[in-house]
Amino acid sequence: MAHARYSHMAHWGMYSAEARGGEVVAVHPFAGDRDPSPILANVPGSVRHRARIAGPVVRRGWLENGPGPTTRRGSDEFVAVSWDELTELLARELRRVADRYGNRSIYGGSYGWSAPGRFHHAQSQVHRFLKMFGGYTRSVHSYSLGATGVVMPHVVGTHWKLFARSTHWDLIAGHTELFVCFGGVPVKNTSINDGGNSDHPTRDALDGMRARGGRIVSISPLRDDTHGECEWLAPRPGSDVAIMLALAYVLATEGLADRRFLDRYCTGYDKFEDYLLGGTDGIRKSPQWAAELSGLSADTLTGLARRMASSRTLVTVSWSLQRVRFGEQAPWAGITLAAMLGQIGLPGGGFGHGYGSMNEPGTAPVPYPLPTLFQGNNEVDDFIPVAAISDLLLRPGEKFDYDGNRYTFPDIRLVYWAGGNPFHHHQDIGRLRRALGRPDTIVVHDPYWTPMAKHADIVVPSTTTLERNDLTCTRSDPLLVAMHAAVPRFEDARDDYDTFSALAYRLGFGDRFTEKRSAQEWLEYLYEQWRGFVLADPARVEDPPEFDEFWGHGHVRMRTEDDLTLFEEFRDDPQRDPLRTPSGRIEIFSADIDGFGYEDCAGHPKWYEPEEWLGGARAEQFPLHLIANQPRTRLHSQLDHGAFSQASKIRGREPIRMHPGDAEARNLSEGDVVRVFNDRGACLAGVVLDDGVLRGVVQLSTGAWYDPYDPEDPESMCVHGNPNVLTADVGTSRLSQGCTGQHVLVEIELFVGELPPIRAYDPPTILLHL
């Protein structure tokens, strides 16, 4: 007997869900998707997994002793409560904190991908609620793009346009002759998009470009960072900026730089060239200089620069390269190199940021607003760069630098978290755990017993997307999709909207929060909001149906702006369409950044030697460079317990790839469980041998749920393989304070003894009453 199928969308693809007995048993990718993501295989079995939170609970110590700092978060028992009890406790605590310390003492820390959906989006719901409650301290930018989000507005006047209006994949396939990819173009990352995907074009575009005669140069220590045939250059990790400077040096000294483009469209090139040629520090940034730093030969670098100057060349920089110390420099140096080639704004040439980082660069944007849940205004001005959460909690009242200004960390008493798992995103988990011990109260909404949920005082069980109706779309996909509930709610879980509605009524602003609409009425309202935008669009070609027809059909196609070239309008007429920089041009030298006086971010792209790299003194103690990149088997840490993610594990541990020569030197074999360690912490992982990893480099993806051997010890070894027990909690620079979790130095040894069990997905002890 055939089972009903329900149209749905996940970050990694559009699909229909097949359900039986309250569980999704199969998924079927959208027929229009040319390269469906294998990550969809994590969905079946996810609704009723043992890691689900079955009902509202409160940490035992919080109930017994009241709010306050504690070392028990992450190891304490929980006590089951009713929804009425939870609502009363939470409302009372929110009011206490706001009245005694002010709303700036509440951190709305919700960060992460939570779930697709224009209405049931966890961050939108919690931010709307907290704003109506009087405001909260917020975060800005992202772990993925913390450095880029600050530096690129200074350089090209925008951040989001680098992705939303990037050069389309069809133009790359049709025009690019040489695709020079710093960090590669990892197709695995293009499985995902923040509002979902109905199509995955990257693999086809790369194949099409090669079939036409285009060439790909992948500059990465990992061979599989680019799909298919390519010229693989494997440099020492952390040396990308030195390589870019050497390529620029060749262009400058051999008369290959496009001086007319630099004069008309850029400012400050003369200051950068003076640095390039050694005028400011006595060091010429030549291929010979870069060869010593990168391990690539000077002849290879010189030859590549000449080929770039004689071809239609697109330079792309992956997001991973700015998730390191001094991460501002790689995208800045990349666009400077592209400017020297003079091809910015030409089809198939110029610059790209993040091809292969997610399924947005290279896609066609939707030109009108999307359905959006209005969140209101935040009455609190305080904020932090998102990767400064531990600093925020540990350093109240202290100053921090950010984008030319100095700010003060407020004294946070209550953390309200809905959606996302910071134990995946944040560096130095031991320090994070100590930081999470400081507030009076931590509230977490989540469907699953993630590490963050286990560190909460008040745990609110949320539904998954499969248990509720919603609609979703994104600015870089043509489909607006109806997300139909496929199964009933699990146990006593509730939609976040229901939770916040009850709280809002208890706190006196229920009608303002709900606007007297049910969840389904909100969906109809948001759809009609979008439909109004479309009907008012003078260039519209679509005639969107009424809501009921849309809901029954499952999706509607939106107009997109096809065949875009990044900065094409600027190139056509820089006076009519200037960039939003002080000069209106590309700021190779930024007087604003230079004026900030930061010792770790100068006024032009510059080489800064990192501490966590194989060229430094620290490598004598920890001689392997670990790359903590994004996994191929899941999105960040989402559904790590799913079948596709679990199939990649080695004896239950996250796999760590290493070169056979490095393994042999340590008497290690394929399938061994090893201890990966440095002076910050340690984790267990399972060995996979791969000669496509540069010698001296190991790769351990982020996202394995943190599973401490001793839950009471913040410094305890993670037995599951979370690399953030190893990474340093430092910002990219004083400019942006972005995340630096991509690179870390380690050593590896065989783990000897009985393997500890994996408890990452097990619920904590839950008492029925005190």
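Two strands pair if DSSP finds at least two bridges between them. In this predicted model, β1 and strand β2 (residues 13–20) are joined by six bridges and run antiparallel. Within this pairing, S7 stands opposite S16 of β2.

**The open sheet**

β1 and β2 belong to an open sheet of three strands, ordered β1-β2-β3, and the pairing is antiparallel. At the edges lie β1 (5–10) and β3 (23–29), each of which pairs on one side only. From one strand to the next, the twist averages 40°. As a general rule, strands of a sheet pair through backbone hydrogen bonds, in either a parallel or an antiparallel way.

**A buried strand**

Is strand β17 (residues 414–418) enclosed by the rest of the structure or open to the outside? Five of its five residues are buried, so β17 is largely enclosed by the rest of the structure. Buried here means under 20% relative accessible area. In a regular strand the side chains alternate between the two faces of the sheet. In β17, L414, Y416 and A418 are on one side, V415 and W417 are on the other, and all of these are buried, which leaves both faces covered.

β17 takes part in two pairings described here. Strand β6 (residues 106–108) runs parallel to β17 and is joined to it by three bridges. I106 has L414 in β17 as its bridge partner. Strand β18 (residues 441–446) also pairs with β17 in the parallel sense, over five bridges. The bridge partner of L414 in β18 is T441. L414 is therefore a residue of the enclosed strand β17 that has a bridge to I106 and another to T441.

**Two helix pairs**

Two packed helices are described by the angle between their axes and the distance between the axes. The table gives these values for two pairs.

| Helix pair | Angle | Axis distance |
|---|---|---|
| α4 (residues 148–156) and α13 (residues 329–341) | roughly 30° | within 9 Å |
| α3 (residues 122–133) and α18 (residues 496–507) | about 5° | 10 Å |

Angles under 35 degrees count as roughly parallel. α4 and α13 are therefore roughly parallel to each other, and α4 passes α13 in a right-handed crossing. On the α4 side, T148, V151, M152, V155 and V156 meet P331, W332 and I335 of α13. The residues of this contact between α4 and α13 comprise seven nonpolar, one polar and no charged.

By the cut-off of 35 degrees, α3 and α18 are likewise roughly parallel to each other. From α3, the contact involves A122, Q125, V126, F129 and F133, and from α18 it involves D496, Y497, F500, L503, A504 and L507. Sorted by class, the contact of α3 with α18 has nine nonpolar residues, one polar and one charged.

**Two residues with positive phi**

Most residues other than glycine have a negative phi. K516 has a positive phi, near 60°, and is a residue other than glycine. K516 sits in the loop between α19 (510–514) and α20 (519–535). Is K516 buried or exposed? Its relative accessibility is 65%, so K516 counts as exposed, the cut-off for exposed being over 50%.

Q737 is not a glycine, yet its phi is positive at about 55°. Q737 is located in the loop between β28 (697–700) and β29 (743–750).

Technical notes
Residues are numbered from 1 along each chain as its sequence is written. This is a predicted model: local features need pLDDT of at least 70, side-chain atom pairs count only at pLDDT 80 or more; totals for chains, interfaces and linings use all residues. Side-chain values use heavy atoms; hydrogens and water are left out. Helices (H or I, at least four residues) and strands (E, at least two) are DSSP runs, numbered from the N terminus. Axes are lines fitted to C-alpha atoms, for helices over the stretch in contact, and angles run from 0 to 180 degrees between N-to-C directions. Angles under 35 degrees count as roughly parallel, over 145 as roughly antiparallel, 65 to 115 as roughly perpendicular and the rest as oblique. A crossing is left-handed if the near helix is turned anticlockwise from the far one by less than a right angle, and right-handed if clockwise. Contact means heavy atoms within 4.5 Å. Ala, Val, Leu, Ile, Met, Phe, Trp, Tyr, Cys and Pro count as nonpolar, Asp, Glu, Lys and Arg as charged, and the others, Gly among them, as polar. Buried means under 20% relative accessible area, exposed over 50%, partly exposed in between (1.4 Å probe, protein chains only).
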